[in-house]
Amino acid sequence: QWRQPLTHLSYIVMNIEDAFKHKSLDEKYMVKKVDEANSQIDFMSQTIEDFRDFYAPIKRKENFSIAEETEHILEIMKHILEEKDIEVRLLVKEDSVLKNYKNGYKQVMLNLLTNAKDALIENHVLKPCIEIMIEKEEVRVYDNAGGVEADKLQKIFEPYFTSKEKSLGIGLYMSKMIVEKSMEATLSVENTKKGACFKMVFKV
């Protein structure tokens, strides 16, 4: 959950350094970058608190909009996806307000988007695209990376299963545990004509 915000912070620092070298670092630009950095730090801090909540005996649920929290995660990943020229489409057919673990949803969505991004990069897709569709209590995350091989599709949520060289293989496993054990919802995957589709279905 920290890898993407840390990468974003690194980009922010490089942007500031580059602007300074080219003598284009003015107050407006600096304020913008500081705000972006603080947003990443706040998210990382909240992640620590929410992981504590997941392992604590008492868990608190809260009302949240699926669309709003999805937009928040997209803002977190905005610069990383733009840097890789990945188009993102958010289609909200009908939003839903859940009473559930908000940061659990954000952690899972971050994992699913990161997984889609990695698949698009590894498969060298010419026009990479991630599409998120929200319809009531159902959330689908599509990519056009070509899909998952049939034998791997059955194992994709198993712990330590990965096709990536630099991966522990626990991201999707943890996502499924959060969704199904903590949030009492479902997380599944299927192939489409263009790629993979991860689907979450929540109880309203």
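Below, we talk through some questions and answers together.

Modeller: Happy to! This is a predicted model, where local features need pLDDT of at least 70, side-chain atom pairs count only at pLDDT 80 or more, and totals for chains, interfaces and linings use all residues. Residues are numbered from 1 along each chain as its sequence is written, and side-chain values use heavy atoms, with hydrogens and water left out.

Biologist: In which helix is K78 found?

Modeller: Helices (H or I, at least four residues) are DSSP runs, numbered from the N terminus. K78 falls within residues 66-83, and that helix is α3.

Biologist: Is K78 buried, partly exposed or exposed?

Modeller: Buried means under 20% relative accessible area and exposed over 50%, with partly exposed in between (1.4 Å probe, protein chains only). K78 has 35% relative accessibility, so K78 counts as partly exposed.

Biologist: Where does α3 bend?

Modeller: A bend at a residue is the angle between axes fitted to the seven residues ending there and the seven starting there. For α3 this angle is about 55°, and the residue is M77.

Biologist: Which residue caps the N-terminal end of α3?

Modeller: Look at the backbone nitrogen of A67. A side-chain oxygen lies 3.4 Å from that nitrogen, and the oxygen belongs to S65.

Biologist: What is the C-alpha separation of Q107 and I178?

Modeller: Q107 sits in helix α4, residues 102-122. Q107 counts as buried because its relative accessibility is 0%. Along the chain, Q107 and I178 are 71 residues apart, yet their C-alpha atoms are separated by 8.8 Å.

Definitions and conventions:
Helix = DSSP H or I, 4+ residues; strand = E, 2+ residues; numbered from the N terminus. Polar contact = N/O pair within 3.5 Å; in protein donor to acceptor, adjacent residues only side chain to side chain.
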